[in-house]
Amino acid sequence: MRTPRYPVLVMLLLAIFIASCMHSPNNAVNDSGLLPSFSQDTLRLDTLYSKLSSATKRLIVYNRNNLPITLERIILVNQGDTPNFRINVDGQSGSEFRNIYIPSHDSIFIFVEATFPLEGDDLPTPYKASIEFENKAGKRYIQLEGFRLNTNHALGINISSDTTFTANRPLFIRDSLYVAPKATLTLPQGMHLLMGDKAKIVIAGTLISKGTALNRVLIEGVRRDELVPNVNYRLIPGQWEGITITSSSQNNSLSYTTIQNGRGGILLGEEKSELVPTLSLEGCVITNMKGCAISGFNAQIEATNCEFSNTLDAIIMLKGGKALFNYCTIAGFYAFDHRLMPALVVTNPLKQSLPVVQLQHSVVEGTFGVIKSSNNPATGGEILFNEKEGKNIEATACYVRAPLHYFSKTTQCLEATAEADSVFVRLGKAYKSNEYNFKYDFRPFTTAKFAGKEPNETTVITDLNGTIRKKPTTWGAYEAITKEAFEKENTNNEK
């Protein structure tokens with residue numbers, strides 16, 4: 001008998017042929033023991049504003065078996081007749097997919113989006129759907145869930161006469177909100193303005209915001225998806241343009257209003273104008289801005305019980321004018337870039353009578369440290385002014401991270417020397433893990449040097465949160481809290 005010339009090569013080719021047949025999609029094994037597994041059993045979307053699409057969520061379908069499988073059908077089953085949810089399976093959009101092959105120890109991606117209609121009542125309303133997976137092993141289901149919040153939409157709004165908005169629904173503004181001269185716009189308690197990426201508010205007339213400690217007015221960007229896991233875009237600055245109040249605008253008043261995550265907070269006045277716009281704020285929070293929280297040009301500002309915090313540029317930038325900050329917390333702990341300027345920057349280009357700025361019972365803190373030398377006066381800190389224009393800041397009963405000799409006059413003031421994270425409840429990190437979550441709580445602990453410092457009677461009865469101020473009360477926008485009380489608050493809800 002003649003021996004084959006190439007026995008090894010023949011055997012190798014035969015093995016490759018058999019293996020390729022076994023792993024072909026047409027020969028995928030689908031017996032009862034081969035089931036896919038999933039990255040999650042229920043895929044939940046954030047609360048969605050009506051008519052606005054969700055961020056894209058991802059579901060992974062795994063084949064953890066040693067043999068390939070074929071999913072004979074993948075079906076999106078929407079609730080009711082409206083296709084509120086949408087899926088994309090391995091790069092293809094649709095609602096039904098057939099014969100989806102998954103090699104052994106491999107996976108496919110399913111991307112899920114949703115848009116919910118404007119309908120029904122204005123309470124958060126649940127919407128559900130499911131994705132059905134079928135092969136010879138049986139059927140599996142993944143639930144899809146989301147909540148809809150009815151939202152009014154506007155490209156742009158021009159207010160030419162006195163107008164009061166209604167607060168039953170959030171209002172999404174894609175472009176701009178303009179209040180004409182001699183017109184007044186009133187925002188009632190509970191009003192929620194959602195601003196598109198390029199959206200801005202321009203006040204040539206008057207803006208009145210009537211929030212309360214229990215039902216604030218909120219002005220912020222519209223995005224609700226996550227930049228990275230557990231960091232929502234609500235925490236990210238630069239989501240919309242900001243608010244401009246022109247030089248001729250008078251009698252603007254904001255009560256218990258939160259303005260956040262813009263490219264700037266409030267720009268008040270114009271640099272070359274000698275007109276004096278006016279703004280009063282009570283119980284307000286202006287935070288997380290890529291510019292300033294407040295930029296004032298020859299403006300008159302009075303703020304009580306307010307928090308101004310976390311900006312890339314100066315938190316408060318004042319060029320001329322006059323400002324009074326009473327029981328305010330000005331805090332610079334911006335975490336998304338290196339801060340450009342101290343918290344409070346004051347110049348006096350029109351050479352007005354001093355002081356330009358008065359701080360009373362307030363806190364000025366941040367990451368800019370005071371530089372001390374044995375031979376020269378201390379410099380640096382969270383306050384900057386032009387020495388050639390004179391010392392134009394006066395402070396009474398304040399805690400400041402700045403040399404006290406910067407002030408034209410000080411009474412009962414303390415220079416901040418303690419580590420800030422031992423003073424305040426939360427500075428951008430989770431309570432237990434100490435990992436960054438970019439959430440801030442500027443309530444001081446009762447161990448802070450400025451807690452319980454003001455022995456006199458005060459006309460500011462509550463703090464920014466509506467908490468009754470104790471006697472003696474605490475400087476800044478917030479009453480102090482014990483560490484034990486804070487730990488109790490966070491026992492069950494802090495990650």
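Before anything else, my labels: helices (H or I, at least four residues) and strands (E, at least two) are DSSP runs, numbered from the N terminus. I started at Arg339, which lies in the loop between strand E33 (329-332) and strand E34 (344-347). I number residues from 1 along each chain as its sequence is written, and my side-chain values use heavy atoms, with hydrogens and water left out. The model is predicted, so local features need pLDDT of at least 70 and side-chain atom pairs count only at pLDDT 80 or more, while totals for chains, interfaces and linings use all residues.

**Confidence**

I checked pLDDT, the predictor's confidence in each residue, from 0 to 100. The protein chain averages 89, and 91% of the residues score at least 70. Residues 1-32 stay under 50. For that stretch I find 23 contacts beyond four places in sequence, a contact being heavy atoms within 4.5 Å.

**Arg339**

Is Arg339 buried or exposed? I use buried for under 20% relative accessible area, exposed for over 50% and partly exposed in between (1.4 Å probe, protein chains only). Arg339 comes out at 9% relative accessibility, so it counts as buried.

Next I looked at polar contacts: pairs of N or O atoms within 3.5 Å, where within protein one must be able to donate a hydrogen and the other to accept it, and residues adjacent in sequence count only if both atoms are side-chain atoms. The Arg339 side chain has such a contact with the side chain of Thr367 at 2.9 Å, and another with that of Glu382 at 2.8 Å. Leaving out residues up to four places away in sequence, Arg339 also touches others, including Thr311, Leu312 and Tyr334.

The charged end of Arg339 sits over the ring of Phe368, 4.5 Å from its centre. My test for that is NZ of Lys or CZ of Arg within 6 Å of the ring centre and within 35 degrees of the ring normal. Arg64 does likewise over the ring of Tyr62, at 4.1 Å from the centre.

**Aromatic pairs**

I pair rings of Phe, Tyr and Trp (its six-membered ring) if their centres lie within 6.5 Å; planes under 30 degrees apart are stacked, over 60 edge-to-face and the rest tilted. How many aromatic pairs does the whole structure hold? My search gives 17. In one of them, Phe85 and Phe116 have ring centres 5.6 Å apart and planes at 65°, so I logged edge-to-face. Phe85 is in strand E6 (residues 85-89) and Phe116 in the loop between strand E9 (106-114) and strand E10 (125-135), so the pair ties together parts 31 residues apart in sequence. Both Phe85 and Phe116 are buried.

I also logged Phe308 and Phe325 as edge-to-face, because their centres are 6.0 Å apart and their planes at 80°. Phe308 belongs to strand E30 (residues 307-311) and Phe325 to strand E32 (residues 322-326), 17 residues apart. Phe308 is buried at 0% relative accessible area, and Phe325 is buried at 0% too. Ring pairs also link a cluster of Phe333, Tyr399, Phe424, Tyr440, Phe442 and Phe450.

**Sheet**

I count two strands as paired if DSSP finds at least two bridges between them. Ten strands form an open sheet, ordered E13-E15-E18-E23-E26-E29-E32-E35-E40-E42, with parallel pairing. Strand E13 (163-164) and strand E42 (409-411) are the edges with a single partner strand each, so one side of each has no neighbour in the sheet. Four bridges join E23 (residues 252-255) to E26 (residues 278-282), with Ser253 partnered by Ser280. E26 and E29 (residues 300-304) pair over five bridges, and Glu282 stands opposite Thr304.
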